[in-house]
Amino acid sequence: MKKLFSVDNTSNTIGVALLIARVGIATLMLTHGIPKLNMLLADAPVQFIPIMGMSAEFSLVLAIFAEVICSILILVGFASRLATIPLIITMLVAVFFVHAADPFTKMEAGLHYLLVYVVLLVAGSGKYSVDYLLNRKS
């Protein structure tokens with residue numbers, strides 16, 4: 001019973017929690033990014049929302065960079081803090097521009113992603129990451 005209420009802040013426990021968060025959020029975001037990449041590579045005209053005066057194609061490329069490239073970096077734990085920044089910006093745009101007029105349920109997923117990305121920005125990638133291996137060697 002004591003174990004249920006203990007506050008275990010060991011390096012290993014936090015490392016495992018960050019690994020689960022990184023792999024989970026990156027995998028989930030890739031399910032949004034890969035279809036966008038397929039849309040860009042298709043011969044059909046791009047149908048994407050132009051944001052803040054950018055063309056639809058440029059907005060799509062930025063979203064793909066964040067959702068695919070940055071998610072892969074987070075997945076392996078390489079430059080994780082840096083990789084969260086484009087994803088945080090993308091989620092802010094999704095929540096406050098794309099879904100601003102929608103009901104809260106449409107914004108909720110973007111807010112969940114945003115919350116996890118902010119945690120990863122603050123906490124870093126953890127013990128089980130490429131970042132950790134590179135820092136340990138230097």
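Asn12 lies in helix α2, where helices are DSSP runs of H or I of at least four residues, numbered from the N terminus. The model is predicted, so local features need pLDDT of at least 70 and side-chain atom pairs count only at pLDDT 80 or more, while totals for chains, interfaces and linings use all residues. Residues are numbered from 1 along each chain as its sequence is written, and side-chain values use heavy atoms, without hydrogens and water.

Asn12 counts as partly exposed because its relative accessibility is 39%; partly exposed lies between buried, under 20% relative accessible area, and exposed, over 50% (1.4 Å probe, protein chains only). Beyond its neighbours within four places in sequence, Asn12 is in contact with Lys127 and Tyr128, contact meaning heavy atoms within 4.5 Å.

Two packed helices are described by the angle between their axes and the distance between the axes. Helix α2 (residues 11–41) packs with helix α5 (residues 104–123) at an angle of about 135 degrees, and their axes are 11 Å apart. Axes are lines fitted to C-alpha atoms, for helices over the stretch in contact, and angles run from 0 to 180 degrees between N-to-C directions. The contact is made by residues including Leu18, Ile25 and His32 of α2 and Tyr113, Tyr117 and Leu120 of α5.

Helix α5 has buried residues of its own: Met107, Gly110, Tyr113, Leu114, Tyr117 and Leu120. What covers these buried residues includes α2, α3 (56–76) and α4 (80–98). After α5 comes Gly124, with a positive phi near 85 degrees.

Methods
Helices (H or I, at least four residues) and strands (E, at least two) are DSSP runs, numbered from the N terminus.
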